[in-house]
Structure formats: structure tokens, C-alpha cells
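Me: I have a model on the screen and would like to learn how to read it. Can we go through it feature by feature?

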Amino acid sequence: MSVLISRQGDYLVASIVSDLSDSQVVALRAELIHKVGKLRSRGVIVDVGGLDVIDSFVARSLRSIALTVRLRGAETVVVGIQPDVAIAMVQFDLDLHPIHAALDLDEAFLLLEHWIEGNREDGR
Amino acid sequence: MGDDIIVSIHSDQDMVVARAQSRSLADSLGFSRTEATLIATAVSEIARNILMHAGRGEISMRPLREDVRCGLIVVAQDSGPGIRDVSRAVESGFASTGGLGLGLPGARRLMDEFEIESEPSEGTTVTMTKWRMRDDLERLRERRLRRAVDPGP
């Protein structure tokens with residue numbers, strides 16, 4: 001199994017543990033969109049630590065995951081981009097805008113909690 | 001040469017193989033982890049280009065050994081419809097079908113040399129190379145090793 005998806009409270013964590021083919025990336029997006037609705041998740045964390053390469057297709061797919069999941073009421077944070085992968089993405093001129101990235105799961109939880117708290121206060 | 005690595009590209013699973021093979025060849029040629037990542041990312045893009053435009057093709061990779069530098073050359077070949085306007089294909093934002101037009105310009109930025117030859121309806125060949133300078137110590141060690149194996153007359 002190349003992606004492990006687990007539920008942690010209000011959040012879904014998708015950990016990519018090894019390189020994925022394009023069709024596996026597309027399948028991951030479908031599964032996350034489905035699960036966000038089924039489990040009423042407020043946030044999705046995609047851990048890309050297992051990816052040695054983030055090329056234009058993967059970057060576009062991560063953005064598409066975030067935008068689609070947002071329409072289903074959840075925010076996305078990408079974590080675990082390796083140093084070499086970050087260098088390659090910059091040289092390639094790829095970015096993940098408008099998705100947020102964080103260093104690790106802890107920080108992703110921190111960000112998501114902050115956003116969700118913020119939304120609650122705005123709604124009052 | 002015996003060093004050539006050939007990966008046929010028929011499905012997106014083959015792209016995974018091409019990425020892994022290019023990375024391990026780069027490692028074995030002494031490229032840094034970062035350089036190996038740049039090479040693997042460029043290989044991924046040209047492999048996808050084969051799948052999207054031609055459906056099938058082949059990627060071959062081999063080392064280039066020179067005295068002061070060492071290189072990895074990647075040749076991607078397909079017999080697909082070809083690219084009508086090669087100079088536009090390497091411009092950012094020029095997309096033919098499906099893509100966003102990021103692939104080839106991105107791959108070009110990751111490598112040191114990049115060339116596309118294409119004839120409409122005859123296919124496309126992308127040739128790209130990454131170089132690494134060899135320092136004095138590396139060359140001296142190699143010379144010493146060669147002398148040890150073959151002491152000469």
C-alpha cells in the first residue's frame with residue numbers, strides 16, 4: 001500500500017509512503033474527497049514524505065485536492081516535502097499556491113486548529 | 001558500453017520505474033542527492049510527455065565520462081504525432097492537450113543541456129544532459145587505480 005489514510009479526530013491524515021504513479025495520485029484525490037464527506041472531516045493533512053519527486057502533475061494534483069476538499073468544507077495542509085524535493089520544485093518553478101505547507105504533522109495540526117477556531121469565532 | 005539503461009514507457013507505472021532508474025544511475029555516477037532529484041524530476045516530465053502525446057516510447061540513460069566532468073544523458077524517443085512548433089513547446093504556459101505546459105520548460109530548467117527534435121507525424125526525441133565537475137582528487141584516485149590494474153610496459 002503506497003498511501004495510508006487515517007482519521008484523527010476532525011482530521012484526515014493521508015501519508016504517502018512510497019512513489020506513486022499518476023493514476024494512484026488521481027485515486028488518492030477521489031478517496032480523500034469521498035472520505036471528507038463521509039467522516040465530516042474539517043481538515044486534511046497530506047504527508048508527502050515518501051515522494052522523491054514532485055513534478056508538475058503531482059503539484060497540480062495536490063492543489064486540486066486542496067481546492068476540491070475546500071468545496072467540501074475542509075482545509076488542506078501538505079507536510080513532509082523533503083529538502084531536495086523543495087530545491088527541485090523551486091528550480092522547476094513549481095509552487096503549491098494556494099495550499100499551505102508545514103514541516104511536520106504537529107505543525108499541520110496547529111495550523112488547522114488555528115483556522116478552525118478562527119472560523120468559529122468569525123461565525124459568532 | 002553496457003552501461004545503458006533502457007526503460008520502455010507504456011503506462012504510468014513505467015514512469016515510476018524511469019524515475020527510480022535515473023535516480024540510481026545518478027547516485028552511482030556520484031551526483032548529489034539534490035542533483036539526482038533534479039534529474040529524476042526531469043525524467044518524470046519527459047516520460048509523461050511520451051505517454052500523453054505518443055502513448056508509448058522509450059527512455060534511455062547512460063553515463064558520459066570525460067576527464068574533467070562526468071555526465072548523465074537521457075534520451076526520450078517516441079513515434080507519436082510530433083511537435084509542430086518545438087520552440088513554443090519549451091515556453092512556459094504553452095499547452096497542447098491536457099497539460100498546463102509546465103512539463104518541458106520545467107525539465108529544461110532542471111538539466112544543463114536540453115534539446116528537442118521533432119517532425120510532425122514522425123515522432124519526437126528529447127535529449128537532455130546533466131553534468132558534474134570532477135575534482136582533482138577524484139581524477140587522481142582514478143589514475144592511481146588504473147595504474148594498479150594495468151602497470152603498463
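Reply: Start with a helix face. The exposed residues A:P83 and A:V90 sit on the face of helix 3 of chain A that is turned away from its buried side. Keep in mind that this is a predicted model.

Me: Which residues of helix 3 of chain A are buried?

Reply: A:V85, A:A88, A:M89 and A:F92, within the helix of residues 83-92. They lie on the same side of helix 3 of chain A, because they cover an arc of only 100° around the axis. The general idea is simple. An α-helix has 3.6 residues a turn, so residues three or four places apart point the same way.

Me: What covers the buried residues of helix 3 of chain A?

Reply: The cover includes helix 2 and helix 4 of chain B. Next, look just past the helix end. There A:D93 takes a positive phi of about 80°.

Me: Let me try another helix. How many residues does helix 1 of chain A have, and how far does it reach?

Reply: Helix 1 of chain A spans residues 22-38, which is 17 residues. From first C-alpha to last it reaches 25 Å, close to the 24 Å expected at 1.5 Å a residue. Its buried residues are A:D22, A:V25, A:L28, A:L32 and A:V36. These cover an arc of only 110° around the axis, which puts them on the same side of helix 1 of chain A.

Me: Which exposed residues are on the face turned away from that buried side?

Reply: A:S23, A:A30, A:H34, A:G37 and A:K38. Within chain A they pack against strand 1 (3-8), strand 2 (11-16), strand 3 (43-47) and helix 2 (56-71). Helix 1 of chain B joins in that packing. Just after helix 1 of chain A, A:R40 takes a positive phi of about 50°.

Me: How many residues does each chain bring to the contact?

Reply: Chain B gives 21 residues and chain A gives 18. On the chain B side, helix 1 (12-28), helix 2 (33-53) and helix 4 (103-110) each supply at least two residues. Helix 2 of chain B gives the most, with nine. By type, the chain B side divides into seven nonpolar, seven polar and seven charged residues.

Me: How should I read a nonpolar core?

Reply: In soluble globular proteins, nonpolar side chains tend to be buried together. Here the largest nonpolar core has 65 residues. Those that touch the most other members are A:V44, B:I39, B:A42, B:V43, B:A47 and B:I59. Helix 2 of chain B provides the largest share of this core, nine residues.

Me: What is B:A47 in contact with, leaving aside its neighbours within four places in sequence?

Reply: B:I9, B:M15, B:A18, B:I59 and B:A76.

Me: What is the order of elements in chain B?

Reply: From the N terminus on, they run β-α-α-β-β-α-α-β-β-α. That comes to five helices and five strands. Chain B has 153 residues, and 35% count as buried. Its C-alpha atoms fill a box of roughly 60 × 25 × 25 Å along the principal axes. Now take its contacts with a separation of 6 or more: residues 24 or more positions apart account for 64% of them.

Me: What confidence values come with the prediction?

Reply: The predictor gives the complex an ipTM of 0.89 and a pTM of 0.89. For chain B, the mean pLDDT is 89, and 90% of its residues reach 70 or more.

Terms used: Residues are numbered from 1 along each chain as its sequence is written. Chains are lettered from A and ligands numbered from 1 in the order in which they are written. Two residues are in contact if their C-beta atoms, placed from the backbone, lie within 7 Å. Helices (H or I, at least four residues) and strands (E, at least two) are DSSP runs, numbered from the N terminus. Ala, Val, Leu, Ile, Met, Phe, Trp, Tyr, Cys and Pro count as nonpolar, Asp, Glu, Lys and Arg as charged, and the others, Gly among them, as polar. A residue is buried if 20 or more other C-beta atoms lie within 10 Å of its own, exposed if 12 or fewer, and partly exposed in between; C-beta atoms are placed from the backbone. The arc is that of the directions from the helix axis to the C-beta atoms. A nonpolar core is a set of buried Ala, Val, Leu, Ile, Met, Phe, Trp, Tyr and Cys residues joined through C-beta atoms within 7 Å. pLDDT is the predictor's confidence in each residue, from 0 to 100. The expected span of a helix is 1.5 Å times one less than its number of residues.
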